[in-house]
Amino acid sequence: MTVGIDVSSLFGEMVMCSATSDIVLKKMCYLYVGNYAKVNPDLALLTINFLQRDCKDEDPMIRGLALRSLCSLRVANLVEYLVGPLGSGLKDNNNYVRTVAVMGVLKLYHISASTCVDADFPAMLKHSMLNDSDAQVVANCLSALQEIWSSEASSSEEASREREALLSKPVVYYFLNRIKEFSEWAQCLVLELVGKYVPSETSEIFDIMNLLEDRLQHANGAVVLATIKVFLQLTLSMTDVHQQVYERIKAPLLTLVSSGSPEQSYAVLSHLHLLVMRAPFIFSSDYKHFYCQYNEPSYVKKLKLEMLTAVANESNTYEIVTELCEYAANVDIPIARESIRAVGKIALQQYDVNAIVDRLLQFLEMEKDYVTAEALVLVKDLLRKYPQWSQDCIAVVGNISSKNIQEPKAKAALIWMLGEYSQDMHDAPYILESLIENWEDEHSAEVRLHLLTAVMKCFFKRPPETQKALGAALAAGLADFHQDVHDRALFYYRLLQYNVSVAQRVVDPPKQAVSVFADTQSSEIKDRIFDEFNSLSVVYQKPSYMFTDKEHRGPFEFSDELGHLSIGAESTGTVVPAQRVEANDKDLLLSVSEKEESGGPSNNASAYSAPSYDGSSVSAAASSQMLSELAISSVTGHASQSSLAIDDLLGLGLPVAPAPAPSPPLLKLNSKAVLDPGTFQQKWRQLPISLSQEYSVSPRGVAALTAPQALLRHMQGHSIHCIASGGQSPNYKFFFFAQKAEESSTFLVECIINTSSAKAQIKIKADDQSASEAFSTLFQSALSEFGLP
Amino acid sequence: MISQFFVLSQRGDNIVFRDYRGEVQKGSAEIFFRKVKFWKEDGDGDAPPIFNVDGVNYFHVKVAGLLFVATTRVNVSPSLVLELLQRIARVIKDYLGVLNEDSLRKNFVLVYELLDEVIDFGYVETTSTEVLKSYVFNEPIVVDVARLPSLGPAGIFMQGTKRMPGTAVTKSVVANEPGGRKREEIFVDIIEKISVTFSSSGYILTSEIDGTIQMKSYLTGNPEIRLALNDDLSIGRGGRSIYDYGSSYGSGAVILDDCNFHESVHLDSFEDDRTLTLVPPDGEFPVMNYRMTQEFKPPFRINTLIEEAGPLKAEVILKVRAEFSSSITANTILVQMPLPTYTTRVSFELEPGAVGNTTDFKEANKRLEWGLKKIVGGSEHTLRAKLTFSQESHGNIVKESGPVSMTFTIPMYNASRLQVKYLQIAKKAKNDNLYRWVRYVTQANSYVARL
């Protein structure tokens, strides 16, 4: 600001100067003071006097400015001077002063939370929020209260109740009815709030949507996206309406993408990308909008290529592939590569691939090294899905000289094909032999691994021609400095020594065509990103817990808490029922994000899935481990099907009947209660806390609680089901639910166990509040049995 | 909710820096700039407008060669922050008249004053120039536009962005004219960006018009304005596919796929007579954005002919024909064509008597560039380029060069035929000499002919 020169030594003079009546000069003094007060807390005291005086000035502008400067000093020992001016500022008859005062309260809260709460400012803000005539004052109150109550909620019962009250019907309707009075930015704030509201009736949903319909025509993209979020969230449970919403929001989104700066269109395009990935069929006739323009930045092109891949279907594939082939000759090499990959992905998801295979083979003849490299990898994947194409492909692949292929991935793909189809490729043993001769020059361990496997396969098919090469390869492999290469060579060697036919069964068994390649992003993650629509999660394609610190999650991020906890549960070694894998199968879209490749050497060590080093194509059959990972992670997913999984998952091999409780409870619980996380969250938000207690846990129980999973199984035996758990010693946190046996009345429990103090704090929320006492007894008795032999 | 806002020059200098919440470390501007710079050097193209480094989210937009940046640790709405940055740039431009490094440095006190009113503790208060006028007291120091180099280094920065140069109005909304009296005027600009892709045989593969009606008002007393558009304008294409050409072509009606409006616009009579009613706030703002995929006549036809002349030589003939009325002149035309990577030398041959043509072969990215100052409607221009190769082309020249792309600006021309029929200012007592400017301009967004 001052060209890097420290002018803090003039503090005293500046304070004198601020006594001026010239408002421009005064503002500059405030600017100076605000800048240097924090580094000179002692001198800051000097300013208090004149700022306080200015807070009582006749001119509302000066009152407001002085109040803002006063609150912006950020000096902790001056907070006592803030309370008075803030109190009168909130009651000022000028709206500018009031808006400043509301933000001032929030600033005070951040300097000293206790001072702010003790002065009863939150209650005053709440009053202003519901009564002030000025929309900006109301909006500021909402922002401030959201922040204050969210951070108070963890320690104060009242604050968390107040936070939930913001989402109550009267408050939400109050905001909705005034929405047009608010500035566009405040509208975003209100819409964000409405997006979290859970209407109780269907008619409410339509009322809200009708009211907000015209917001979709707003020129401000932030307003439109916030409105879309409301629409999507409201209609989640109504499939057909939800689909109509997609149709309705298509045009506004496309308009936003093409108007405004490239940065803004990128933000909107990321959201469009998310929607296209969720429901490609709705956008399949709009594919031309996803064509890349030559002057677009590559981050935009990448998104568009993924969208084009997703929307390809029987009717538009030809045109999309033709367009993609144009990009393959693009000057922008990364995009050219992406385009070729996109063609391959489309080929893998289509039934009629004739034309596409021809195109891919043409790529191989283009004589650009990166095009050839990408195409080889694709042809390899394609052959694994459509072995019937082998004749055509091999003819072309056979003409490629391995000397021209430099990239490890491509080389590995070529070698895999040589091994796999050595019976049809005349030169295969000799090409492999020449590659083995150059073993020393081969820097990529991946290629050497593939070479070992390929020469083995070749050996089984054409032993006399390959024997020499195999010997050389095994010798070179055994001498290799790379651990995996060495181990694989040794393994093959011993296998061959033991029994050649067994070796063949292991290394080169008859294969089934891969029906579908696994997706690296689980549907649970995708659902969470969708829940966080209109946030950075969509741009980064990651749920927020992956990139934000806990304390910065922002208001109302309850869902984060749940999701985060459930991650802890993922690592359980629990067996997964087989039907889950099938149910999950249809979610395994082919959109693979390169970053999150999960294929590691462990998957590739098995010769069976040899060419899958790129991880994007781990053979479904070979990687049951990966599928089971997927299935586990989707346990915590959103859809109702996953709630079944929770039941299945935790119910395995456990007694389902309620265990006899020591004191016969009046309450009978449904042992097969089902509740999906979404409903749980809704209910948790809506219901008041009916009971809050602290129990002590027996030392045996503490000892048994080495991991949260132990307790989960135990409680399951008492028909109390866990929906999320997490934490580490000594603090564990659980969310349980239970259902009455006869009726569908549910109990929700938050339980925090501290093993060092052997205490359990529980909060119970219940549909039927009268029964919560009985439930608490039941819960306590169940908990007290934990750890008993 | 944002934590910091700052403006950096292209060299990474901090011109303006405001920390609203103190949650992000002070060195964030440097971290940001280094990241953006190396993104490019690592060959991944431009840095995306949003990225995360160590839990801090950085947002940036490029305006007039400057980087407007916001940081936050919270998971905010990306559109909101980017829109806000763009809006801050616009408010500053409204105040300063011209937005560039020089004007920003000269007016930094005013800019800080604005920033404090726009954002308080990270929350947006207002971005309306109108509202801000009552809170902001510093007078702008007006920078003389004429003294500035027309493009300068900022020009390079602007390339490849879709940003419009906006209106030619470079007058501050608050500064008074030297004469002391403000001129009562209002500017309405219909700006259209057109995207066309021609196939190798000359067919139109895709075409789209993205238009904006921009308004900048210098009227005192905020009178109400009525803006009438074509009577036959219709919006939305019902159940029909957006690319269903033919049915509407030639019928004369203007059919927009979709549009959106500024919040000051009242659409009460829009359904009946296609009239927009609004009380324009001060400063520049888009009244309406629209998008159209209805077929239109492209202003230029591009013809490319590649002839091999021996194993190491080829000739490229580029023809550009202007297919609009001769009363209209396009300007600042640039035709570009990537050539095979093994091209070593290019010699050019223009038509006899050609004026205002520039030709260049960019060695670094092997690109042919042909610039024309002006093209009058109805005329045709040809360029012959003789290429010399360092290796044999094997007849692959067509595959390894192109597509031909073109940028241009055509004033007083609009491809969509959307028109402002009249601009009515509700008369108040003594605003006798009002100036109303309605201007049209069409620019190429992505104008590509494949080989």
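Predicted model: local features only at pLDDT ≥ 70, side-chain atom pairs only at ≥ 80, totals over all residues.
**Stop 1: the whole complex.** Start with both chains in view. The predictor gives this complex an ipTM of 0.87 and a pTM of 0.76.

**Stop 2: the interface.** Now select the residues where the chains touch: 82 residues from chain A and 87 residues from chain B take part. The size of an interface is often given as the accessible area lost when the parts come together. Here chain B and chain A bury about 7200 Å² between them, and 54% of that area lies on carbon and sulfur atoms.

**Stop 3: the polar links.** Between chain B and chain A, 37 residue pairs are in polar contact, counting pairs with both residues at pLDDT 80 or more. Nine salt bridges are found across the interface of chain B and chain A. To see a salt bridge, select Glu147(A) and Arg21(B): their side chains meet at 2.5 Å, N to O.

**Stop 4: chain B's side.** Next, pick residues 78-96 of chain B, which form helix 2. This helix supplies eight residues, the largest share of the side of chain B that touches chain A. Colour that side by class and you will find 34 nonpolar, 27 polar and 26 charged residues.

**Stop 5: confidence in chain B.** Finally, colour chain B by pLDDT. Its mean is 84, and 86% of its residues reach 70 or more. Which stretches fall below 50? Residues 146-168 of chain B do, and this stretch has 34 contacts in the model beyond near neighbours in sequence. Residues 239-250 of chain B also have pLDDT below 50, with 19 contacts beyond near neighbours in sequence.

Notes
Residues numbered from 1 in each chain as written. Chains lettered and ligands numbered in written order. Heavy atoms only, no water. Contact = heavy atoms within 4.5 Å. Buried area = accessible area lost by both parts, 1.4 Å probe. Salt bridge = Lys/Arg side-chain N within 4 Å of Asp/Glu carboxyl O. Polar contact = N/O pair within 3.5 Å; in protein donor to acceptor, adjacent residues only side chain to side chain. Helix = DSSP H or I, 4+ residues; strand = E, 2+ residues; numbered from the N terminus. Nonpolar A, V, L, I, M, F, W, Y, C, P; charged D, E, K, R; others polar. pLDDT = per-residue confidence, 0-100.
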